[in-house]
Amino acid sequence: MRGCTKISPGCKHCYAETFAERFRGVKGHPYEQGFDLRMVPEKLTEPFTWRSPKLVFVNSMSDLFHESVPDDYIEMVCRVMTMANWHTFQVLTKRSERLRDLLTGRLRFAARQEHIWWGVSVEDRKYGLPRIAHLQSAPARVRFLSIEPLLEHLGCFDLSGISWAIVGGESGPGARQMDEEWVLSLRDQCASSLVPFFFKQWGGVRKKKNGRLLRGRTYDQYPERVAASIPERESCFAYAENIRNSIRGMFSESAVQILA
Ligand code: SF4
């Protein structure tokens with residue numbers, strides 16, 4: 001997927017939008033259409049060509065569970081992730097109700113995969129905390145929270161069933177400030193609930209200068225990663241062909257030509 005639309009205060013300075021809009025109108029560029037939402041089916045088979053295990057952010061430039069993305073397409077993405085089990089996929093969304101509904105229904109096969117991590121963004125109490133509850137009620141094997149940009153003190157909340165928390169402040173022009181007290185509260189709650197804690201950055205206009213030390217140390221904890229063996233190339237070609245055939249059934253001839 002490429003492109004998205006804003007849904008809550010965490011989207012205010014969306015880096016994906018800023019990046020994509022720089023290339024609007026540039027002929028032949030992947031972001032020729034700026035940040036307009038669109039599917040990119042020709043990219044779907046790429047994970048089968050990667051011969052070493054990767055950590056993949058789904059979607060770093062969009063939101064897979066955006067209301068305009070058809071269920072069939074989301075299911076196709078999930079089929080690719082399920083087959084390509086030598087990679088680890090981090091699926092992050094702000095559309096947590098749709099995530100819950102689909103994982104409870106037609107995406108149950110993907111929900112139970114250990115190499116697919118399902119996460120929600122949490123920036124504040126009003127929008128962020130309900131997303132945690134939605135994620136907790138989904139039958140996901142691995143659940144994570146991306147608590148960034150952290151915009152206020154979140155208070156105490158239930159971390160049961162959560163396997164990972166990432167915390168970070170906003171960066172770039174106009175970045176909103178994050179207080180140390182908010183981060184310490186999250187660190188301590190994660191420690192007492194045995195949730196791996198990753199502190200990404202303080203952010204700010206000069207994020208490099210502000211760094212990522214919290215009380216003098218870094219926090220780089222991750223959930224355990226499963227290591228499936230990499231299949232023979234022939235199997236990978238077969239997986240890719242299977243997906244291409246499904247895409248042919250879903251899209252017009254012109255989309256298929258891009259795939260060729
Ligand atoms: S949901 Fe994510 S990708 Fe979409 S506008 Fe908000 S921050 Fe950007």
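This is a predicted model: local features need pLDDT of at least 70, side-chain atom pairs count only at pLDDT 80 or more; totals for chains, interfaces and linings use all residues.
Where is Arg225 found?

1. Arg225 belongs to the loop that runs between α7 (207-210) and α8 (233-250). With 39% relative accessibility, this arginine counts as partly exposed, because that class covers the range between the buried limit of under 20% and the exposed limit of over 50%.

2. Beyond its neighbours within four places in sequence, Arg225 is in contact with Lys54, Leu55, Thr88 and Trp117. As for distance to Leu92, which lies 133 residues away along the chain, the two C-alpha atoms are 17 Å apart.

3. Helix α3 spans residues 96-104, and its buried residues are Ser96, Arg98, Leu99, Leu102 and Leu103. Viewed down the axis of α3, these buried residues fall within an arc of 155°, so they line one face of the helix.

4. The cover over the buried residues of α3 comes from several elements. Among the helices that provide it are α2 (71-83), α4 (108-111) and α5 (125-136). The strands β2 (88-93) and β3 (116-121) also contribute to this cover.

5. Around the ligand are Cys4, Thr5, Lys6, Cys11, Cys14, Ser62, Asp63, Lys94 and Arg95.

6. What is the make-up of the shell around the ligand by class? There are 4 charged residues, 3 nonpolar and 2 polar.

Key. Residues are numbered from 1 along each chain as its sequence is written. Side-chain values use heavy atoms; hydrogens and water are left out. A residue is near a molecule or strand if one of its heavy atoms lies within 4 Å of it. Ala, Val, Leu, Ile, Met, Phe, Trp, Tyr, Cys and Pro count as nonpolar, Asp, Glu, Lys and Arg as charged, and the others, Gly among them, as polar. Buried means under 20% relative accessible area, exposed over 50%, partly exposed in between (1.4 Å probe, protein chains only). Helices (H or I, at least four residues) and strands (E, at least two) are DSSP runs, numbered from the N terminus. The arc is that of the directions from the helix axis to the C-beta atoms. Contact means heavy atoms within 4.5 Å.
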